[in-house]
Amino acid sequence: MDYAEVYLKKNRREAVSEKSPWIFSGAIEAVREFDADGQLCRIYMGQDVVATGYINTQTNIAVRVLAFGEAEINPAFFAGRFEQSRRMKESLLAGCTDAYRLIHAEGDNLPGLVVDKFGDYLVFQSSTAGMDHLRGMVIEALESVFSPAGILEKSSSASRRTEGLEPISRVHSGTIPDEVVVEEYGLKYAVDLLGGQKTGFFLDQRENRQIIARYARGRTALNCYCYSATMGLCMRNAGVATLHNVDISEDALKLAARNYELNGIVPGEGEFQAADVKQLLGEIPKDYYDLIVLDPPKFTASKRTVDAAIKGYKHINMTALRKIRSGGLLFTFSCSGLIDAELFRKIIFYAAKDAGRDVRIVRQLSADVDHALSVYHRENEYLKGLMLYVV
Ligand SMILES: C[S@@+](CC[C@H](N)C(=O)[O-])C[C@H]1O[C@@H](n2cnc3c(N)ncnc32)[C@H](O)[C@@H]1O
């Protein structure tokens with residue numbers, strides 16, 4: 001594949017010297033040898049190649065850097081990165097699970113690519129035209145490093161639209177069964193790779209499931225936006241007294257029921273409820289629960305809808321806080337990248353104030369260790385949470 005040549009403006013050296021994986025269009029003086037968007041490119045400062053990446057002239061983030069300096073982008077390059085990430089993730093999660101995020105895009109120095117490993121199966125997502133062009137190399141490298149039983153692509157992120165790309169769902173090698181069972185801290189979970197949400201399972205909440213379970217014993221708990229009730233299952237395992245798992249999706253609740261079955265746990269009356277959380281929260285009597293989890297879907301993917309998302313988060317948190325008994329706990333999350341930790345904390349401040357509750361932040365929560373962040377790039381820090389004690 002031929003590389004385009006991208007020349008940076010003389011006064012924009014920081015575009016590469018600060019090691020950000022994104023180069024914005026405003027930093028570029030000229031582009032030569034350009035054939036198509038998504039093409040590999042070498043980035044020049046004067047005569048020197050300072051980085052290697054791929055280019056999209058249609059987007060504000062014009063170049064995403066794959067390596068600083070001159071690198072050959074080929075299957076061996078990807079295999080090296082996959083090996084490096086595997087070493088890191090498997091050492092951090094040794095003995096905990098056979099399912100983890102192998103590649104977390106910029107966090108693992110591969111912008112535009114997410115790869116999740118579920119036992120012997122791999123699921124990847126490409127979110128850029130550049131990574132779409134490199135798909136063949138990604139698959140070849142995954143094959144050589146892991147010899148997986150199947151490789152599935154589920155490229156459906158909202159950002160593909162910005163890049164002018166259609167969603168893609170395709171099995172590239174092997175076969176993908178309807179159900180893959182993975183283990184996490186001794187519990188079994190059914191993962192629906194083909195039909196499930198995201199890449200099939202919320203790996204990012206692994207550690208938070210353990211933290212929530214630690215405080216669940218003997219409590220009356222409400223697990224809102226439960227998906228496959230992984231947090232609920234951990235609470236049941238830890239001896240929660242009463243539990244209600246709520247999700248709007250009947251398919252998610254079927255997976256939840258399957259997870260209970262896999263672990264030999266029999267659900268109690270009303271333990272799975274198909275409902276709109278916002279509506280249900282409004283109907284619950286005051287001071288009813290002593291533990292609530294709020295793990296809603298992304299409320300905003302665009303700057304235009306941030307204000308509406310702020311209102312949405314504030315409303316559900318305020319309502320939930322009113323339904324918690326004195327001495328109770330709220331575990332509240334946001335996976336909207338555009339709502340940063342500072343803003344989320346402000347939203348919780350207003351929710352507590354308007355609920356008229358005295359609330360303490362006892363823990364700050366984030367995605368688990370396989371969702372690494374590059375110190376040079378804050379933008380893919382998306383999951384944030386707070387453990388709140390209601391006085
Ligand atoms: C981020 S996921 C929850 C992940 C889950 N806590 C876990 O760890 O596996 C968000 C869930 O919210 C559900 N959902 C979306 N809108 C909802 C609504 N209005 N009421 C109830 N559930 C909703 C989705 O079906 C999805 O399962």
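Two residues are in contact when heavy atoms of one lie within 4.5 Å of heavy atoms of the other. The legends below describe close-up views of a predicted model.

**Figure 1. Surroundings of P167, a residue in a loop.** P167 is found in the loop that runs between α5 (159-162) and β11 (168-174). Apart from its neighbours within four places in sequence, P167 is in contact with S155, S156 and R160. The relative accessibility of P167 is 59%, and exposed means over 50%, so P167 counts as exposed. F333 lies 166 residues away from P167 along the chain, and the C-alpha atoms of these two residues are separated by 27 Å.

**Figure 2. The crossing of helices α2 and α4.** Helix α2 covers residues 75-92 and helix α4 covers residues 135-146. Their axes come within 8 Å and cross at roughly 50 degrees. That angle makes α2 oblique to α4. The crossing of α2 past α4 is right-handed. On the α2 side, the contact is made by P75, F78, A79, F82, E83 and R86. On the α4 side, it is made by M137, V138, E140, A141, L142, S144, V145 and F146. Sorted by type, the residues of this contact are 10 nonpolar, one polar and three charged.

**Figure 3. An aromatic cluster of three phenylalanines.** F77, F78 and F82 form one aromatic cluster. Two of its members, F78 and F82, also belong to the α2 side of the contact with α4.

**Figure 4. The aromatic pair of Y313 and F344.** The whole structure holds 12 aromatic pairs. One of them joins Y313 and F344, with ring centres 6.1 Å apart and 80 degrees between the planes, an edge-to-face arrangement. The pair links distant parts of the chain, 31 residues apart. Y313 belongs to helix α10 (residues 306-322), and F344 belongs to helix α11 (residues 341-355). Buried means under 20% relative accessible area. Y313 has a relative accessible area of 0%, so Y313 is buried. F344 is also buried, because its relative accessible area is 1%.

**Figure 5. The aromatic pair of F349 and Y350.** The ring centres of F349 and Y350 are 4.8 Å apart. Their planes stand at 70 degrees, so this pair is edge-to-face. F349 counts as partly exposed because its relative accessibility is 46%. Y350, at 43% relative accessibility, counts as partly exposed too.

Methods:
Residues are numbered from 1 along each chain as its sequence is written. This is a predicted model: local features need pLDDT of at least 70, side-chain atom pairs count only at pLDDT 80 or more; totals for chains, interfaces and linings use all residues. Side-chain values use heavy atoms; hydrogens and water are left out. Axes are lines fitted to C-alpha atoms, for helices over the stretch in contact, and angles run from 0 to 180 degrees between N-to-C directions. Helices (H or I, at least four residues) and strands (E, at least two) are DSSP runs, numbered from the N terminus. Angles under 35 degrees count as roughly parallel, over 145 as roughly antiparallel, 65 to 115 as roughly perpendicular and the rest as oblique. A crossing is left-handed if the near helix is turned anticlockwise from the far one by less than a right angle, and right-handed if clockwise. Ala, Val, Leu, Ile, Met, Phe, Trp, Tyr, Cys and Pro count as nonpolar, Asp, Glu, Lys and Arg as charged, and the others, Gly among them, as polar. Buried means under 20% relative accessible area, exposed over 50%, partly exposed in between (1.4 Å probe, protein chains only). Rings of Phe, Tyr and Trp (its six-membered ring) pair if their centres lie within 6.5 Å; planes under 30 degrees apart count as stacked, over 60 as edge-to-face and the rest as tilted.
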